[in-house]
Amino acid sequence: MMMNNFKDMNNKISSWDQVSEELNNLEQTPSNEVWVRIQQKKIRRRLIRLSYSSIAATFLLIVGVFLFNQKESLSFSGYSYEPGIEQTEAESFLASITFSNTHLQNGKVAEGTVPKMLVPKNP
Amino acid sequence: MEESVLIQLCLKQDHTAQEFLYKKYAPRFLALILRYIPRRDDAEDVLVESIFKIFTKLGTFKKEGSLEGWMKRLVVNDCLMFLRKNKMITVGIDTLNEAKADLDDSFIMEKDVEALKRVIDSLPSGYKIIFNLYVVEGYKHKEIAQLLGISVNTSKSQLIHAKRSIRKQLGLTNLETDHSKTEDHDDE
C-alpha cells in the first residue's frame, strides 16, 4: 500500500519547484539548419572583420604614401610657401604664398594668401 | 569534456569544441526559447543569435556561477529582446492586494508536462513571461521588474494571476498539507 502511494506520488507534481524542474528538463532538437546558419554567421563575421582590416590597411597606405610624397613647406619670418605648383626658372618658382602678420619693408603689415606668385628660391 | 577546457577551446574558435557545446545545450535552449516564443521559426532565429553570442562573449564569463546558468541568462535576454522588438510583451497593471485575495498556492496534479506546457503557452503574454522568469528560470521579482520595466508589485500580482490561471485551466486539486512548502517566497 505504502509502495503504491509512493509510486503514485512519483507521477504527480505538487509544487512549483517540481513544475520548474520538469519544464527545465524539456528538450527540443533544433533543425540541422540552425548549426549551418551559425557557421555562416561566423564566416560572415570573419569576412566583415577582414574587409574592415583591408580598408584600414589601404587607408594607412594612402596616408603613408601621401606623407612620403609631400614636399616640405617653407616658412620664414612670417612667410609660408606651398611650393611645387609650377617651377618656371631655376632661381624661382610659382607658389601660393600666405602672409601672416608679416612686416613688409615699407612698414605695412601683410595678411592673406596670394594663390600664384613668383617666389625666389632663396628669398 | 571538462567545462574549463571546453571554454578555453571554444575561445580559441575550436570548431569541434563549439559543436560539442552546441549539441549539449542547444536542445535545452530551444525548449527554453519556445516557452517564450511559440513560433518555431522565430525560436530558431533566436537560437542562432544566442549561440553565436555565446561563442563570441564566452570570454566575459567570469566563472562565478555555472556556465549553463550564464548561457541561459543570455538566451532569456535574447528572447525578451525579440519579444520587445516585435511588441509581443504586454504586461497589465493590477494591484497586489486584489491578486492575493483568494490565493491558495497548493495543488497536486498528474505529471503531464505536455498539458502543463500547453496551458502555460495559452496564458496572456505578461502572465506567461513573468511565470517563466520567476518559476522556471528562477529570477527574482526585482530582476523581472528591471528587465520588463514594470514595478515589483506588478510582477508579483501577474505571477499570482498566472499561477491561478494555470491551476484553473488544469483543474488542479488543492493539497492543503503542502501549503507551506509551495507558498510563493516573497523575495525581491
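This is a predicted model: local features need pLDDT of at least 70, side-chain atom pairs count only at pLDDT 80 or more; totals for chains, interfaces and linings use all residues.
**Reading loops, helices and the core**

Q: What is the phi of K63(B), and where does the residue lie?

A: Most residues other than glycine have a negative phi, and most peptide bonds are trans. K63(B) has a positive phi near 60° and sits in the loop between α3 (40–57) and α4 (67–85) of chain B. Helices (H or I, at least four residues) and strands (E, at least two) are DSSP runs, numbered from the N terminus.

Q: Which loop holds Q13(B), and is Q13(B) buried or exposed?

A: The loop is that between α1 (3–11) and α2 (15–36) of chain B. Q13(B) also has a positive phi near 60°, and with 12 other C-beta atoms within 10 Å this residue is exposed.

Q: Which residues of helix α8(B) are buried, and why do they line one face?

A: An α-helix has 3.6 residues a turn, so residues three or four places apart point the same way. In α8 of chain B (residues 141–148), H141(B), I144(B) and L148(B) are buried. Seen down the axis of α8(B), these buried residues fall within an arc of 60°, so they line one face of the helix; the arc is that of the directions from the helix axis to the C-beta atoms. They pack against α7 (125–136) and α9 (152–170) of chain B.

Q: What comes just after α8(B)?

A: G149(B), with a positive phi of about 65°. G149(B) lies in the loop between α8 and α9 of chain B and is exposed, with 10 other C-beta atoms within 10 Å.

Q: Which residues lead the largest nonpolar core?

A: A nonpolar core is a set of buried Ala, Val, Leu, Ile, Met, Phe, Trp, Tyr and Cys residues joined through C-beta atoms within 7 Å. The largest one has 46 residues, and I33(B), L47(B) and I130(B) have the most contacts inside it. The largest share of this core, 10 residues, comes from α2(B). Two residues or more also come from each of several other elements, including α2 of chain A. I130(B) touches I144(B), S155(B), Q158(B), L159(B) and A162(B), not counting residues up to four places away in sequence.

Q: How many residues of chain A are in contact with chain B?

A: Two residues are in contact if their C-beta atoms, placed from the backbone, lie within 7 Å. Here 22 residues of chain A are in contact with 26 residues of chain B. On the chain A side, the largest share, six residues, comes from α2(A).

Q: Which strands join the two chains?

A: Two strands pair if DSSP finds at least two bridges between them. Two bridges join β1(A) to β1 of chain B (residues 109–110), and the strands run antiparallel. K12(A) has E110(B) as its bridge partner.

Notes
Residues are numbered from 1 along each chain as its sequence is written. Chains are lettered from A and ligands numbered from 1 in the order in which they are written. A residue is buried if 20 or more other C-beta atoms lie within 10 Å of its own, exposed if 12 or fewer, and partly exposed in between; C-beta atoms are placed from the backbone.
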